Amino acid sequence: MSVPHLTTALTGPLLDLERKILAAQPEIEHWFRNQWQEHTPPFYGSVDLRNAAYKLAPVDMNLFPGGFNNLNPDFHPLAVQAAMTALEGYCPDARRVLLIPENHTRNQFYLQNVAALSKILRQAGMVVRIGSLNPEITTATTLELPDGSTMVQEPVIRTGNRVGLADFDPCVVLLNNDLSAGIPSILVNIEQTLLPPLHAGWSTRTKTQHFTAYDRVVNDFAQLIGIDPWVVNPYFDHVDGLDFQSREGEEKLAATVDQMIQKIALKYAEHGIEQTPFVIVKANAGTYGMGIMSVKSGEELIGLNRKQRNKMSVIKEGLQVHDVIVQEGVPTMEIVDDGVAEPVVYMLDRFVIGGFYRVHTGRGIDENLNAPGMHFKPLAFATPLTTPDCDGSPDCEANRFYAYGVVARLALLAASLELEQE
């Protein structure tokens, strides 16, 4: 199976970065091994990357990935192996896993993700049942899936300090619910292994926390292989005290954006890049591509119209946005299926297990692609992401994806530092 043909504007600089990553492969893998002896990786995660030809950087790290159904089935055995390793580490005698999904039972794409994740866990030797926190699920409920199969979701119950189902007492509780709506009391202080921990959810975690940890990781990594950390790291800043509806804080936000545009422009001049700098303003917590704007100057944020204010002020679960991350915009130079694309890399434990392109034919290279109208194209890796062809040219398929896997694992390591600081 071949990799989607990448018609990328692959000019010198990114090849130079990839060449450095490939040349340092033994040092990089040794460094990661040492890091994983000191830090426990999250159970799983997915990273949105942007490849700008002069820069390859993560722009988001999700600790409750919801696209396992979009992965290439050829790489399913890698995922099973990684799940075995992860569960042995957390709970050596793990046999029974309770998987708790998001509450939306009508989103067919999401349910297919839950089914794909369940299959990985079953093939890793687990008995898997699906427990719902949705108040509408009061009894075992069968949900139809698009491929003709079905899924049973049952209400989660708590007995003492354990949660489970009426006839099922799990040793591991796996959340595939990002807790945007808050931490459910039924899960507080349970004695079973809960993965990821409650403070990994969006009711606690912030994107600025993540990128602060990522700064630390990248500074070490950049020294290791002799690169400017900026080529794998987007600048970011934090603005709080906002109220988009009443326009409170918009001047402060605009000023922060302008400062960042100037900072990026200096880097562009230093690296000889002829792009127009832009900035992404997004809610500091949450997912689903909600509460995001791409702007080229602070002025664009002054006097937003009602539609724009509504879009920025509320995210998933109807939560109000008062706190944003202002992040350097990284354009994407990848084109797949005639649409602008960005790779999303999936990891289980410390292993890269696959990924897909998020493709949007209606968006530009400097826009958020996580929006209605997107579609997914599985990354068809010729080889696992951790085994590059060191004799091949830097932009050959295996090598391009090795670089993706390295940068994605840097974000995963940053997430493990975050989770240590509860």
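The model is predicted, so local features are reported only at pLDDT of at least 70 and side-chain atom pairs only at pLDDT 80 or more, while totals for chains, interfaces and linings use all residues. Residues are numbered from 1 along each chain as its sequence is written, and side-chain values use heavy atoms, with hydrogens and water left out.

The protein chain holds eight helices and 18 strands, taken as DSSP runs numbered from the N terminus (H or I of at least four residues for helices, E of at least two for strands). Of its 422 residues, 57% are buried, where buried means under 20% relative accessible area, exposed over 50% and partly exposed in between, with a 1.4 Å probe and protein chains only. Among the contacts with a separation of 6 or more, 70% join residues 24 or more positions apart, a contact being heavy atoms within 4.5 Å.

Across the whole structure there are 15 aromatic pairs, defined by ring centres of Phe, Tyr or Trp (its six-membered ring) within 6.5 Å, with planes under 30 degrees apart called stacked, over 60 edge-to-face and the rest tilted. In one of them, the centres of the W31 and F221 rings are 5.8 Å apart and the planes stand at 55°, so this pair is tilted. It links distant parts of the chain, since W31 belongs to helix 2 (residues 25-38) and F221 to helix 5 (residues 207-225), 190 residues apart. Both W31 and F221 are buried.

The rings of F356 and F376 have centres 5.0 Å apart and planes at 75°, which makes the pair edge-to-face. Because F356 lies in strand 17 (residues 351-360) and F376 in strand 18 (residues 375-378), the pair ties together parts 20 residues apart in sequence. F356 counts as buried at 3% relative accessibility, whereas F376, at 32%, counts as partly exposed.

Elsewhere, the charged end of K263 sits over the ring of Y235, 4.2 Å from its centre; the rule asks for NZ of Lys or CZ of Arg within 6 Å of the ring centre and within 35 degrees of the ring normal.

Finally, the lining of the largest cavity has five nonpolar, one polar and four charged residues, and L242, D243, F244, R247, E248, G249, E250, L253, L301 and L304 form that lining. Here a cavity is a set of points on a 1 Å grid over the protein atoms alone where a 1.4 Å probe fits but cannot get out, and lining residues have an atom within 4 Å of a point. Ala, Val, Leu, Ile, Met, Phe, Trp, Tyr, Cys and Pro count as nonpolar, Asp, Glu, Lys and Arg as charged, and the others, Gly among them, as polar.

Conventions. 1 Å grid on protein atoms, 1.4 Å probe; cavity = no way out; pocket = protein on both sides within 12 Å on 5 of 7 lines; lining within 4 Å.
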